[in-house]
Structure formats: structure tokens, C-alpha cells
Amino acid sequence: MTRIDDGIHMKGGVITERDSTRCSVRTRIPGGVIGTQQLQGIVAIAERYGQEWIHLTTRQTIEIPHIDPSRLDQLAADLSANGTPIGSERDEVVNITACPGSERCKFATIDTLSLARALDVKLFGKEMPVKIRIAISGCPNACTSPLLSEIGVIGRNTPERTPGICTGCGTCVEYCKEGAIKIWNGISVLNPDLCVQCGSCIHSCPFGSLSSAGGHFLITVGGRRGRHPRLGRELINVATADEVVAVVERVVGWVYRRAWSGRLLCEQLDDLKFDEFKTDIAGAVQDVSPI
Ligand code: SF4
Ligand code: SF4
Ligand code: SF4
């Protein structure tokens with residue numbers, strides 16, 4: 001019987017199955033975007049090493065089940081040559097998920113897929129004391145559940161009204177699903193406590209009274225799904241994708257240096273002095289506004 005206990009078998013993307021003589025192999029596919037040629041390549045690899053099916057995972061990767069561990073080295077070489085190398089699943093930075101964002105979705109305020117690729121290049125597979133899931137959503141609809149991930153990124157867009165133009169027609173009130181806009185004394189008034197900064201109202205005004213006060217990225221830390229779900233805490237708003245990458249790198253470095261293994265990140269945020277970190281990072285990143 002082949003043992004699954006060392007070498008390539010210990011890579012995070014190699015997962016021992018119920019039948020411990022077989023393993024599933026998870027791939028690295030940032031944002032879940034894969035070329036058609038690469039997909040055909042994975043199909044061919046699955047047929048060569050596994051069975052005639054694959055598994056699409058919740059983290060937008062593809063798993064190839066029922067691999068004989070003695071063939072892992074050759075499988076890994078074939079996956080790398082296909083541009084879809086072995087992925088990650090242990091206490092590491094695992095596959096980065098992203099919604100379609102501005103590449104396709106009409107609600108998006110940010111380019112999620114480019115951001116996923118940029119973060120993947122910097123951080124994918126880094127060994128950590130705890131598992132780090134990074135999820136990116138192009139708007140507050142949050143289709144990739146960023147608030148339930150250790151690190152979440154959400155695109156947002158804040159509306160502002162140009163004085164002197166509003167007719168009080170109420171069109172923007174109809175657009176806002178949050179009840180954040182009211183007509184008061186003949187003009188629209190925004191309640192910032194109710195506004196989730198989705199930006200949907202901005203293009204609704206037939207008189208051009210509404211515009212963007214600036215698209216930005218909200219970064220959250222410490223969410224998790226699973227047995228006891230927790231929402232991530234708001235860390236910072238930043239204005240650019242480069243700043244997102246810089247902040248997320250700092251978060252990962254902070255967790256790497258200070259977190260304990262064996263405990264979920266959400267359970268140790270206070271012990272890690274999250275509030276101090278939040279203050280420090282607001283001072284360290286240029287052109288950002290602390291929440
Ligand atoms: S999170 Fe927003 S931008 Fe992303 S797919 Fe959902 S609705 Fe579209
Ligand atoms: S940005 Fe979204 S939540 Fe805020 S007022 Fe406009 S439609 Fe409503
Ligand atoms: S849609 Fe434009 S003009 Fe109408 S109430 Fe809203 S801001 Fe004013």
C-alpha cells in the first residue's frame with residue numbers, strides 16, 4: 001500500500017480521501033478564471049490520472065479525485081505545464097476567490113479579477129499559522145461572501161448630490177433598496193447610516209444631480225464560515241487596487257508573525273490587538289481613510 005505521508009503528498013493541494021490509498025488534487029485557479037485550453041488540459045489530465053469526472057469546489061478551483069499517490073510527481077508536472085499547478089488547502093493562503101466584477105457585472109465598482117491575480121502572485125500558498133481565505137466582491141452585494149472570509153475585499157461607491165440641481169423627483173429614492181434616500185424640503189437627502197455605498201443610485205438621476213464621491217475598496221479581517229460563522233471586522237477603506245495589495249500583504253504578514261496555530265483567526269483577533277493594528281495601518285497607507 002502506498003503511504004501518503006511525505007514529499008509532494010504534504011502539499012496543501014493534495015488531500016487524502018476517505019480511502020487513504022487515494023487522494024484528491026486541488027488546483028490553483030485565482031478568481032476561478034481558467035482558459036478553455038487549460039480546461040481541456042485538466043480534462044485530459046483527469047482522464048489520465050483519475051477518473052472521467054472532476055469536482056468544482058466552493059473556492060472556485062477544480063479538484064481531480066481518486067489519484068494514486070505514486071503518480072503525484074508526474075501529475076504535478078503536467079498540471080504546472082498546463083498553467084494550473086497544484087493548489088493549497090492547509091494553513092496557507094488558499095485559492096483567492098473573486099466575482100466577475102467590472103469585467104462583466106453591471107453592479108461592480110472594481111476590477112475584481114485583476115485584483116485576484118495580483119494578490120495570487122504575491123501571496124498564494126504562503127504557509128501560515130492559520131488558513132487564510134481571501135474573497136473579493138465587486139460591490140456590497142458580496143456574492144463571494146468576503147465578510148465570511150479571513151480577508152475580504154468589497155468594492156464600494158459613495159454617491160454625492162450636486163447642490164442646486166435636484167428637483168425632488170424621487171427617482172433615486174425608488175432605486176435605493178436600503179431606504180437610505182428621502183425627499184426632504186423638495187430635495188434628496190442621503191442617510192449615511194443606511195447607505196451601503198453600492199453606488200446604484202448614481203446613474204438613476206435623470207437630471208445628473210448625483211455623482212460618485214469616489215469608488216473605493218473596503219477591506220475586512222477575521223470572518224469565517226463553517227460551524228460557527230463570524231463576520232469579518234472592517235479594517236480600512238483604500239482608494240486603489242495597489243493599496244489593497246499593500247494592505248492585504250501587511251495583514252498576512254501581521255497574522256504570520258503574531259497569530260497562534262490551532263485557533264481560528266476570528267477567535268484571536270482581540271488577543272492580536274486588532275484595534276491597534278487597525279490604527280497602525282491607517283497611518284501607514286497613503287491616501288486612505290480609516291473607518
Ligand atoms: S458582488 Fe456585486 S459585482 Fe460581484 S457579481 Fe455580485 S452583484 Fe456583481
Ligand atoms: S449608494 Fe446604494 S445604498 Fe447608498 S443611497 Fe445609493 S442606492 Fe442607496
Ligand atoms: S433622482 Fe436626482 S433629481 Fe430626482 S430626487 Fe434624486 S437626486 Fe433629486
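Predicted model: local features only at pLDDT ≥ 70, side-chain atom pairs only at ≥ 80, totals over all residues.
Two residues count as in contact when their C-beta atoms, placed from the backbone, lie within 7 Å. Helices (DSSP runs of H or I, at least four residues) and strands (runs of E, at least two) are numbered from the N terminus.

Residues are numbered from 1 along each chain as its sequence is written, while chains are lettered from A and ligands numbered from 1 in the order in which they are written.

Now for the overall picture. The protein has seven helices and eleven strands, and its C-alpha atoms fill a box of roughly 80 × 45 × 35 Å along the principal axes. A residue is called buried if 20 or more other C-beta atoms lie within 10 Å of its own, exposed if 12 or fewer do, and partly exposed in between, with C-beta atoms placed from the backbone. Of the 291 residues, 39% count as buried. Among contacts between residues at least 6 apart in sequence, 65% join residues at least 24 apart.

Let us turn to the sheets. Strands of a sheet pair through backbone hydrogen bonds, either parallel or antiparallel; here two strands are said to pair if DSSP finds at least two bridges between them. One open sheet has five strands in the order β5-β6-β7-β10-β11, with mixed pairing. Its edges are β5 (97–98) and β11, and each has a single partner strand, so one side of each is left without a neighbour in the sheet. β5 and β6 pair in the parallel sense over two bridges, and Ala98 has Ile136 in β6 as its bridge partner.

Strands β2 (residues 23–26) and β4 (residues 62–67) pair in the antiparallel sense over three bridges, and Cys23 has Ile67 in β4 as its bridge partner. Strand β4 also holds His66, whose phi is near 60 degrees, a positive value in a residue other than glycine. His66 counts as partly exposed because it has 16 C-beta neighbours inside 10 Å.

The largest has 40 residues, of which Ile132, Ile219 and Val248 touch the most other members. At least two residues of this core come from each of α3 (112–123), β6 (134–137), β7 (151–161), β10 (210–221), β11 (233–238) and α5 (241–258). The most come from α5, which gives six residues. Leaving aside neighbours within four places in sequence, Ile132 is in contact with Val93, Val94, Glu150, Ile151, Val252 and Val255. A second, separate core of 14 residues includes Cys23, Val25, Ile29 and Ala46.

Finally, the ligands. A residue is near a molecule if its C-beta atom, placed from the backbone, lies within 6 Å of it. Of the 14 residues around ligand 2, Cys176, Ala180, Cys195, Cys198 and Cys201 come nearest. Ala, Val, Leu, Ile, Met, Phe, Trp, Tyr, Cys and Pro count as nonpolar, Asp, Glu, Lys and Arg as charged, and the others, Gly among them, as polar. By these classes, the shell around ligand 2 has ten nonpolar, three polar and one charged residues. Around ligand 3 there are 14 residues, with Cys166, Cys169, Thr171, Cys172 and Cys205 nearest; this shell has six nonpolar, seven polar and one charged residues.

Conventions
Core = buried A, V, L, I, M, F, W, Y, C linked by C-beta atoms within 7 Å.
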